[in-house]
Amino acid sequence: MMCSSDTGMVWWEEGESVSSYKVRAFGPDGHKIECHSTEGSCELPNMHCGQLYNLTVTAQDGRCDNSHTDLTLQSVPCKPTSVKAALRCHSNSVAVTWEQGSGGRSYVAVAVAADGSHQTECNNTMTYCDLTSLQCGQTYNISVFSQDESCSSIVSDEAYVRTAPCTPQNVTVDAQCDEDAMVVSWSPNPDARYFHVAAVSNTMARLYCNSSGTMCTLNNLPCGQSYNVTVLSVRDDCESKPSRVVETSSVPCVPMNAKGDLDCVSNSAWVSWDDSKGATSYFVLAQSAGGHSSNCTASSSHCNVPDLKCGTLYTFHVTAMNKHCSSNHSATFEIETGPCALTSVNATTECHNDTILVEWEDTVDMPLYLVTAEADDQTTISCKSTSNKCLLENVVCGTHYSIIVSASSDKCSTLRSPPRKIKTVPCAPENVTAVPSCEENGATVTWAKSPVARSYHLTATGEDGHVVNCSSSVNNCSLADLHCGQMYNFSITARGDDCTSYPSISSFRTVPCAPSGLAVDLDCRTNSAMLSWTASEGAMEYFSCAQPMDGDALYCGSNITSCTFKGLECGDIYNFSVQASNGICNSSFSPPLQMGAAPCPPTYLDVHMQRIDEMFWAMISWDRVNCSDVKYLAEIIGRINNNPQTLMNISSYWLPLPYFEFPMPCSTAYNVTVRSKNSAGVSEPSRMFSGVTVPCPPQNLRYTGDRQSAVLSWDASVFATWYTVTSVVDGVRVTLCNTTEISCVVSNFNPNTTEVTASNDVGESNPNGNITGPMSARRRRDLRTTQVVAHLEENLEMPEELTVTAKGVSLYVKWKAVKGATEYTVIINEKPREELSSPTPVVRSVEGTSHRETGLKPWTRYCVKVAAKNVINQSNYSDKCTNTTAS
């Protein structure tokens, strides 16, 4: 079905020898329609809505026709009719109903505001639905259309509805206090026929008024009431939602039972009255016939009217007030103040001795005077005098006093002075508090007000001598740029008209200083780093940061002076910094310490000795490090001929491969380590691999005897553990002798075809065939040289009395001194547990007759060899094995 044009489309697979096709449609309402085509499709136009058509497709060839009838087609649904809409005022929604259109399976109702500003819809399979979320005060056009699985009908005829009126806006209340009324007003709303005003009092009394304009007046309000006022818009029995509540009050009730008492000392009056309903404060006014007045304001039902003139009649009344209205004043009453006879009264306060000196003009025939001082809280002190002055003692600091001089018999007698007012020395400020101001590295210091103080002065002194001063007319001071990590002592004084208080002392510690002494210990195995620092004075906790060159920072909190970062990326460079906190303020971050997460050294290291073209090479290999862009450096430190005076120290270049080869001298003890590096830095060296190379060929080969039987001897080769004498004839090698000594008896001896090699567990030396025989003549030497050489050329004895003691993982080796020896070679071999293993021996050169070797393996058996040595000869080895070492 092509919905928009009420046209049906029928298509089929074409048959052979067909000249044309005919399609016919039959509706249940009797409507018939057909179309013709020579191709595989055909359109059926102007189909009736809401009909299920039966279709017949006929293939025609002019002789025999063939029809297919098992087809139906649902046309476009018919539109709904009789659409009605009803407003539900309380919810501002619309109930829509309609009569169904033929062919419809479901329905959609659409409401569009008349001005196009809003649209909403609802749907249902039944013939009704509710439209919600409508705007107030609008006229909506409502239409409905039907739907089936494929098509929608055309829209129905429209219905119209007006929604509920809008809530009144900008509601205000003007209290008309003199008329006992209130005027309620609001903004215009043309959608409403009239407006309904409701005022509910605190006693639940309800007042109403209606208006078609924008204001309404509520009259005859009783005094002392508070009201909640709301306004509704009304149209055709439909009310809007109420406006926001506006609070107001009626005029307070007039105060009752007002009365007063004279205070003769201060020439003031205490006035009291009954509480008035609706009042939040009270105003008391005293007026004299001569025009002088005084007043006071209070929130309770009593008040002191100050500074009345002596000898004057005053009329008093009380007025109740709230924030909207003031009541009429109360009934009046009168008070006459006491007479004034004595004049010229002077009072002087002594700043720090708690006294006031009062002086006056002497009067004839006045034997005794009474001086009375009344404080702000109505407490009094007094003194008596027969002269024209008197000293008031136990004066309270920070107090206003009213002082009169009178006859001793009556303070309100005819013989009294007018009041003399005076302030005492300010009290030292109390309740001092300091609140840190973190960004300014300072503090805001506050204290309780001193009633008579005109200004205050604060001095802050730090432990390092830093001083900050602040003067203020209010009871606080703001300090900035204090030194970090310091305890400051505060001294605060209050200044009055003539006196300064004693200081108030308190203290405050500033924000901690940024930590110093940063150190980083990187653990390449766990990709972690421990940052440590020096403690900051006053710090309660620390916040540290590791910021990579690229990427997100890592953070760590701690209440001690170290913190461990986990999850570092191998190869990254990090800036480590830390700040201290006292729980309120944080210090600045310390200057960053830059460290790289360098890779670990290789964990596995192996050295294999190999002979290439009569040269010996150390073939070094190791495992790769799990980190990106890593290069390696192999380093060898050795002693050639195991001589501390002939050292070697060589290294490879940095390379990305896990192996390297070094040419190595014979008879050399060596230690190999490997380092790794990348952009973050260089690792620590790997564990050390220790070993010895193949021995050098034996030197100074010589024989005695003849060819039938000869004794062949040679000098010892360093690190050699045995020697081999070989005859080489026409490329055929025949072993003549294997020995651990440095001589050998050989029969059928031919010096021209004989060579000697030295061997150890690493390998065999190159051969030496340079053999000399007996010498008949020697070049003459001087006697001394001859003696020294002769002494050195003497064969050295093998060390005797060799003892080996194992203690823990250490061995203690001791032997008897050998004549002519300048040093001794000690070889310590681990006795292998398996035939295929050959642990590297430990070789030491010792100048004394004992040696201690530590750091050996536990539960291992060791064998020790010792040979005597000088610059020419070396003796045979004596040997001995130990018991097993302990743990």
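Guide: We begin with a pocket. This is a predicted model, where local features need pLDDT of at least 70, side-chain atom pairs count only at pLDDT 80 or more, and totals for chains, interfaces and linings use all residues. Residues are numbered from 1 along each chain as its sequence is written, and side-chain values use heavy atoms, with hydrogens and water left out.

Visitor: How do the residues lining the second largest pocket divide by class?
Guide: A pocket is an open set of points on a 1 Å grid over the protein atoms alone, with protein on both sides within 12 Å along at least five of seven lines, and lining residues have an atom within 4 Å of a point. Ala, Val, Leu, Ile, Met, Phe, Trp, Tyr, Cys and Pro count as nonpolar, Asp, Glu, Lys and Arg as charged, and the others, Gly among them, as polar. The lining of the second largest pocket divides into 10 nonpolar, 11 polar and four charged residues.

Visitor: Which residues lie nearest the centre of the second largest pocket?
Guide: The space in this pocket is about 520 Å³, where a volume is the space filled by probe spheres set on grid points joined across faces, edges and corners. Its lining has 25 residues, and those nearest the centre are N641, V718, E823, K869 and N870.

Visitor: What is the volume of the largest cavity?
Guide: A cavity is a set of grid points where a 1.4 Å probe fits but cannot get out. The whole structure has four cavities of 30 Å³ or more. The lining of the largest includes L522, D523 and C524, and by class it has eight nonpolar, two polar and one charged residues. The volume of the largest cavity is about 80 Å³.

Visitor: Which strands each supply at least two residues of the lining of the second largest cavity?
Guide: This cavity has a volume of about 50 Å³, and A175, Q176, A181 and M182 are among its lining residues. Strands are DSSP runs (E, at least two residues), numbered from the N terminus. The strands asked for are β14 (172-176) and β15 (181-185).

Visitor: Why is one side of β7 and of β11 left without a neighbour in the sheet?
Guide: Two strands pair if DSSP finds at least two bridges between them. The open sheet has the order β7-β8-β11, with antiparallel pairing. β7 (81-88) and β11 (128-131) stand at the edges, so each has a single partner strand.

Visitor: What is the bridge partner of A95 in β11?
Guide: Strand β8 (residues 93-99) pairs with β11 in the antiparallel sense over four bridges. In β11, the partner of A95 is D130.
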